[in-house]
Each structure stands twice: as C-alpha cells, then as structure tokens.
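Hi,

Here's the structure I promised to pass on.

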Amino acid sequence: MAALCLRPVAGTRAAITRFTAGAARVGLPAAAALTMVADSVRASAAPGLTRAIQAATAPAMPLMTATARAYTVPTAPLTRVAGTLAAPAVPLVSDALRAAGAVSAPIVPTLSRAAGIAHRMGTQAARAAATVSADLGERRTRRRVWSRPGRAHVEVRGLRRTGSARRSLSQDVLAALHSIRGVRWAQINGVTAQVLVDFDEDRVGIDDVLDTIEAVEQAHGTGGDTFDWSEPEHPADDGPLYAAQAALAADLAGLALAAPGRFVPWLRLPAAIRAPLIVVEARPRARNAIMRRFGPSGGHLMLASANAIANGVSRGAATLAVDCVADALLVGERAARRAAWARTEPVLCSADRQPPAEPPAHRRRPVPEPPGPVEGAGSTTSLAALGGAGTMLAWTRDPGRAAALIVATAPKAARAGREGFAATLGIELARGGVLPLEPSALRLLDRVNAVVIDSAVLCGSRPRILRALGGDGTASGGALAWQAAGRILAAHSLEGLAGPGPWRWHGARLSRVAGWPGEGSGPRGGPDGSAPGGGAAGPAGLAVDLSDELGRRQGRFLVGCDLDLHAEALLGAARESAEQVLLSEHASTVDLVVWADEILSSPGSLAPQIRRLQRSGHVVLAISAADAQALAAADVGIAVRAPDGNVCWSGDVICRPGLTDAWRLLRAVPYARRTSEQATRLSVGGSTLGALLVATGQGSGRTRLGIAPVQSAALVGIAAGAVSARTVARTPSPAPVPRGDWHAMTARDVLERLGTYAAPAAAAPPPTAVDGSPAHRLRQALDSAAGLPPVHSAAQLAGAVRRELSDPLTPVLALGAMASAVVGSSVDAGLVASVMAGNALISGTQRMRVERSLGRLLMREQISARRVHWHGTGDPGHPRLTGDSVAGSPQPANGRTGNGSHPPAGRLPTSGADDDVFPGLDSAPEERIPASALVPGNIVALAGADVVPADGRLLLADGLEVDESPLTGESLPVAKGTDPAPGWACPSGPAWCTRAPRSWPAAVTLW
C-alpha cells in the first residue's frame, strides 16, 4: 500500500519540479526561490516525521500483523476461483487491447500533429495580434523592415517630408550606411520611403543597420515621426498578413464559442446583438471611418473580432463559416504577395538600378471615387432594412423581431463576391510572376471605365521606317531609297540609334536632321525617369537623311520603332473593358489610333489628363513603363517592367516585361464588373428572402437547413468570384500579331522577319515520352470520353441550356419561385421552376440543332489554303536565306556590284529582283489546310480560281491578277507584282520637309 501511494507523490513532485524549472527558464525567479525553500523544508522535516510515525505505530504492529494473517488464508481459494473464471476472458481482452492499439496507432500521430498545428496557429495568432495592435491608430508607428541574408529594406522616418529636409536626411542616411565596414552599397527608394542596404552578413548585422538609421533620424529630429495609412502597403510588410491571420483565428474562435450554444440554450444570446455590426459593415462611410481610425489592417481585425464575438455568443455558426472562407482567401492572397516579393526582389533591386529618389506628387484623387455596384447595393439594402425594421417595430411592438429583420437582410453577398474575385485574382497573378504592390487596386477593377495607355509600352525593340518625308514621287526611286535606308536600320538597335550618328553601310549613310523635335534625346527619356522623350523610340520619332557615297541626299525618312507583338491584343482588351480608351501621342503608334477614343498630346506626364477624367466621374486604369506621375495619379496603375529590369515603383501592380500581364489585367476588368453585378443580385435576392422569412414568422430568418439566405448568397458569391478570377487568370495568352509596313519591304525581308513566328505544327515530331502520372491518365480519360458522340452531344446540350438560362429574367423568376416556397406556396414554386427548366431544355435543344446546321453550312463554305513546306536552307517554316542577314552586318551576296564588296561610286546599295528568288519554292510540297489554321510566317500557294485565304506578301508571281471587285468594285482584275511599294508622300506644312534630288542613279545595283 505504501509503495502504491508513493508513486503518484513522486510523479507529482517531478511535475512540480519540471514546472518550477520551466518557470525559472522563462524568467520567474520567485518560482525558483519557492522551490529551494520547499526542498530545504522537506529535507529537514522528513527524518523527524518518520521517527514520530514509527513510535506511534509500534504498539499496534503485532495486532495488525495477526489480523493480516487471518485474512490472508481465506483469500487464496477466492483468488484461484477468480483466476479459473477469468482465464477464458484473458485472450479476448488481450486481443481487444491489441486491436485498440492498432486502431489508435495512426490516430495518435495525427492528433499529435493537430495539437502541434493548433499550438503553432495559436502562437502565430498571438504574435499577429501583438503586431497589429502596435499599428492601431490613425497613423502607423511601427517601422517596416524586410531582410534576408545580406539584404535589407528598412523604412526611414522622415522620408515622407519634402524639400531640403528630405534631401539632407537621404544624404546623411546613405553616408552613415556607407561608412559601416561591410556595407557594399545602399539606395534610397523615394516611393516606398525605404533604404535598401546590401551588406556582408558575416561583418554586419541587421541590428547595426537599424541602429545607424535610428541615430541619423534622431539627429534630424524625425525619430518620432509616424507613417500615414494613405501610403501603399509594401509587399514585404508582415502587418497585413498577420492581421488576416488574426482575423481568421478570431473566426475559428467564434465557431468554437458558437458550438456549445446548440446544446446549452442558456449560453445563447439573441441574434439582435449582431444588428449594429451589420449596419456598420453595410454603410461604406461607417466602414471607412473605422478604417481611418484604426488603419486598414487594424480596422479589418477589429470588425472581424467584434463579428466573431457577436456571432459566437448568438450561435451564428453559418456567418462565421462564411467569414472563415473569406478570410482564408485573404490570408492566401497576402501570403502569395509576400512570396512574389521574395522571388522578384533580386530582379527589381540591384546596384545598377537606381530607384527614384523623390516620391511622386499628388497621389490623392481630386474627387472621391464614385460608388460601384457593391457600394450602391450595400447602401440601398441597409437603408431599406432600417426602414423595414422601423415598420416592423411599429406594427408588432417587438424589438427582437425588428432586429432579426436587419440581421436577415444583411447585404453580405455583394462585398463577399468582390472580395472572392480580388483575392483569387491576386493569388493567381502573384503565382504567375506579377507583383501586386497595392492589393486594394484589385478591388477597384469593377469600377474602371476609362483606360489611359502610354503609347511607349506598345513599342518594340527594333527600329523601322515610319514614312518618307520627301521625294520626287517616282515609285522606283522611292522604293530604292526606302530599301537602302531599311538595310542600314536593320543593322542597328534603338540604343544604337541614340548616338549622334551618322550610320553607314557600303557607302550609304543616314544622318540626323537638325532641328527635328526629337533630335538629341535618347530612347529612354531623361535621367529623372520620366516618359521617353526623343530619339527613334521617342514620341516624335527620329528624322534622318539618306545620302549616297558622294554625299548627295537621296531621301528623308521618319524612323520609329516596331510595335509589340501583343499591342493589338492589349488595345482590344481595353476596348472591351472600358467606355473610353485614351492613347498618348506617339509617332510609332499611328497605325493604332483607330482603337482609341482620344489621343492625348500633352508633352509631359499624363497625370493632368488622368485627373481630368477623375473629376468627370471616371475610374481610371493607366498602363505605363516610366510615367511615375501618371501611375501615381491613376486609380489602378499598371507598371510594365522594362526589358533591362528598370521598374516604375509608383504603379499599383508591377508586371513582367511585355504586354501579356497587362492584357490579362485588362481582361479581368469586365470579369470583375460581371462578378460584382452578379454578387449584387445575389445579395438583393438573399436579403429579400431573409425579409420574407422574418415577415412570415420565422424570427431567426433561417431556412429549414439552418442557414440564412444571406449567408448562402454570400457563400455562392465567394465561389462565383473565385471561379471567375481563376478563369481570367488561366486564360491562354493571346497569339502574337506582328505588324509592319509589309508592302514597303522586300519579299526577302518579310520572310526573314516572319520566319520566327511560323508554327510548323505539321512537321512537329510526336512526343517521345508520355507522362504516366495519375492526373495525366485522368486527363487523357476525360479527353477520350469527351470525344465520344453521346458525351459530346450532352456537353453541347448543357452549354446551350446554360446560355438559355443566362437570360436577365432568370434570376427574377428564380427569386419568385424561392419566395413562393418561403411563404408556403410550394406548388407555385414547383410550377415556376418546372416551366423555367422545360423552356430552357426545349430552347437549348433547338439552339443546338441550329448551331449544328449552321456549322455544316460553314464547313461547306470554309476557305482552304495550300500551305507550302519549303525548307530553304533551314528548317521547315523557319527558312534561312543565303546572303546577308538583316540582324547583322549585311554583305553583298553576288558580284553585280563590280568588285563584289562595294557598289559603284554615287549609287545606293539596294536590293533587287535576285533577292526575291527563292530556290526550290515553286516545286516545294503543298498541304491543303483550313484558312483558319494559317499563322504568320506560313507560305501559301495560289493558282487560278483560288480565293486568297489571308493577308500576305507576294514572294513569287507569274502573271498574277486578282479580282478585287468585292472590295473595291473594280470590274477588271488587278495585276500584282513582288516589287515593294513604300509610301513616298511629302506632308505639307513643316519647313524641314524638302524634296529629294531629281538625279537618281540610272542603273539598279543588286546585292
């Protein structure tokens, strides 16, 4: 008995000892003192206590021993009987214990991992709450610091100031950091108000950097400065992520609090306590006031915590479940944003890329943003709910029922749908390489109705002749000079044309025209990072004179740059997404002005034009690569990263080089608008059904499933927004569309330029390996099943029925059917639903039949083409021609020029007919394909009675005549040839426009 009693005491003592030791480690000296006192008392009192017990029990020991012996003898038979009876049950008990151990073996690690996850989540939530609580207030006090080994971005207090104080602070901070041994370099980013420090982590720590910055701040008197919440959140800041995590933890805690209320009625409070929070969240002004008072992150956390408490004590589990889904998406968005920053930071920040030292001015809008569909639905629904609650209170004299009406009509679905779309879009964009600097800009996409595009982002990287500025009107002479100038430009890049010139090739020379508006400026604009000024890539272009070997001027040309392969796709997406599309004036984008509603001719930044649009009630999306003022002034600024890595930090979203990411964001605008409108309709329908439930006597406003209509609508809105965002984010990129003055180029130049865009699908080798993963096998099975006629027909019918149900009256009828079911008219609801379904099925079947018939007719009228597989001297579809190359330094390919290396004196080196002779092209094999399968760079053969399948450039022609009567109305066929036909018109007005000399060389020099 004594031994049995001492084991728990020993265990308890060991537990107490471990506890006191742990308390001492975390800094509780009192616990250590108490432990020492207890040990000393036990050591001194134990021997005396033992002797006292032995002396007291000594007289009774013989009696106790005799009694024990008397009772021991009868227990032996009982023990044997019990053992005999229990013997058969021992194997069963053993088997049961082993089975229980086997079953519980996988559960124990899972429970252990779950406990560990819960512990980490609790620790992280506590840390998040502590971090966010430090920033609660109208201004932020915590410094943003992001660091990794050898690199740190540190926010500097006082860099938001202006004038000489700011410049002096910046200089002193850089000087102090450079004085630290181990700091390699440091830069000031005026947009983010941070200093970027690159250092040797073995010699310098982040604490040394922070101490140095703090010392400079104290010296300048900015150590007590705070930070304005109106400034954009930096993607490296952990505060927004922690706030979202704390909000999610509050929702989960609210769910845990709401669970006992289902079983213990006295723990449940009435749902009316949620009404004030619902009114605050539904009113944009009240919500914005809280955000201004506590900051964006702190305000969101305050509302989430209050909502979790109110719904937890009033058994609002459905509301908290919807909030958990929304906050989980928000956590994913902000985590993906931080991960995107960690990936792109080495590319964006380096010693050879100097960020802007000054922040852009006038970031604030001149007028408040116009309300969107979500804001309108929230205000209207909340006012209607307040009016209905007042009427309900006056009619029933029941305050609880009036408050239940407010709870049942909460316009939650509208904002939930937009948040689901924006959060999912942010996640997908961040995973794809896009860096959202300001996530709130994605919440404005549904209100964008004007797009301003800096035309410089539409330009490519190669120079081209835009037009001729002078000549004598002779077609042969114009083509001769055009081709010579084109050959010279083909050997140079835009950066090469930024110099003073001249640029030579075999005696021909291009030189700048003095006094031209763009003369003297480089292609990247001024040193302040403003919009590009002059040069070949500038808005005015570059005027050059073409001279022969004797110095006689043979022509004057305006040189610009080619267009990006996705320029047309970007403008097409802009036309679909906005009411107004505005382009800045640029010489190289004259061919694209038909896409724009207005051409902006402001010489500097586009910011004044953007503010003009904002004052007129527009929400503006701007796209630029270098106009920092315009991107800062726009509601949604999309900064396109330059190919050399330079980035405009004033944008809300930083895209990769090229126009694909900007095109995807423009494509997201109509999706965002439709998502918000759909979420608004869901919100109105859910509020209406909730009001009917309360009006018919169901005070809680729930359906028989226990879920309120507003919560169901909010969940559907989040799902629809997420699906819509994934759809637009995973849409394949548009096909590249090369543009150029193909009529002004020789056939050889056109073929060499378009050869890289050809897609020789027919000649592509089959895949050598097959992915054997389960996902790949499942995809193959689904593709095979989709090809079966029954499955294909069912899919077509489902699509046709879905298009029929997209009628605007469908939501109205569906809401009426649900309302009928709510008030008890289930027969009417069934009739309406059956009529809707039957009508959609019949109409969808008819639509499918009509589409099939139309498809068969179109197949009969489909234009086919004869694609030629000409190898030339290279691969199919990518011919490499002999002779000179437009990408390098051209060399003559034949001996028609006298000595084979230079043309005769006084003549221009030009191309002629021999260049356009392609050996073996007329006998190359052909393949007949649909005209829709042609891509730029394919070679097509034409014969008598053929229909021209696409726009093209003639390579070879023998007596070709084309009937153009459907286009021009001419009654006779028009002869076609292979000679270039460049434009050679002199615009009237400018004083610098003169005609070329009339004395052109009589002979044509070939190479």
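Val-594 sits in the loop that runs between β14 (580–584) and β15 (598–600). Keep in mind that this is a predicted model. So is Val-594 buried or exposed? Its relative accessible area is 70%, and anything over 50% counts as exposed, so Val-594 is exposed. Val-594 also belongs to a nonpolar patch on the surface, together with Val-593 and Ile-599. Between them, these three residues have about 260 Å² of accessible area.

Now go to Gln-554, which you'll find in strand β13 (residues 553–563). With a relative accessibility of 1%, Gln-554 counts as buried, because the cut-off for that is under 20%. What does its side chain touch? The side chain of Gln-554 makes a polar contact with the side chain of Asp-548, at 2.8 Å.

Then have a look at helix α12, which covers residues 373–396. That's 24 residues, and the helix reaches 33 Å from its first C-alpha to its last, close to the 34 Å expected at 1.5 Å a residue. Several of its residues are buried, among them Val-374, Ala-377, Gly-378, Thr-381 and Ala-385. In an α-helix there are 3.6 residues a turn, so residues three or four places apart point the same way.

Cheers

Terms used
Residues are numbered from 1 along each chain as its sequence is written. This is a predicted model: local features need pLDDT of at least 70, side-chain atom pairs count only at pLDDT 80 or more; totals for chains, interfaces and linings use all residues. Side-chain values use heavy atoms; hydrogens and water are left out. Helices (H or I, at least four residues) and strands (E, at least two) are DSSP runs, numbered from the N terminus. Buried means under 20% relative accessible area, exposed over 50%, partly exposed in between (1.4 Å probe, protein chains only). A polar contact is a pair of N or O atoms within 3.5 Å; within protein, one must be able to donate a hydrogen and the other to accept it, and residues adjacent in sequence count only if both atoms are side-chain atoms. The expected span of a helix is 1.5 Å times one less than its number of residues. Patches are made of residues with over 30% relative accessible area and no salt bridge: like charges are joined within 9 Å, nonpolar side chains (Val, Leu, Ile, Met, Phe, Trp, Tyr) within 5 Å. Accessible areas come from the Shrake-Rupley method with a 1.4 Å probe; for residues, only the protein chains shown count as cover. A salt bridge is a side-chain nitrogen of Lys or Arg within 4 Å of a carboxyl oxygen of Asp or Glu.
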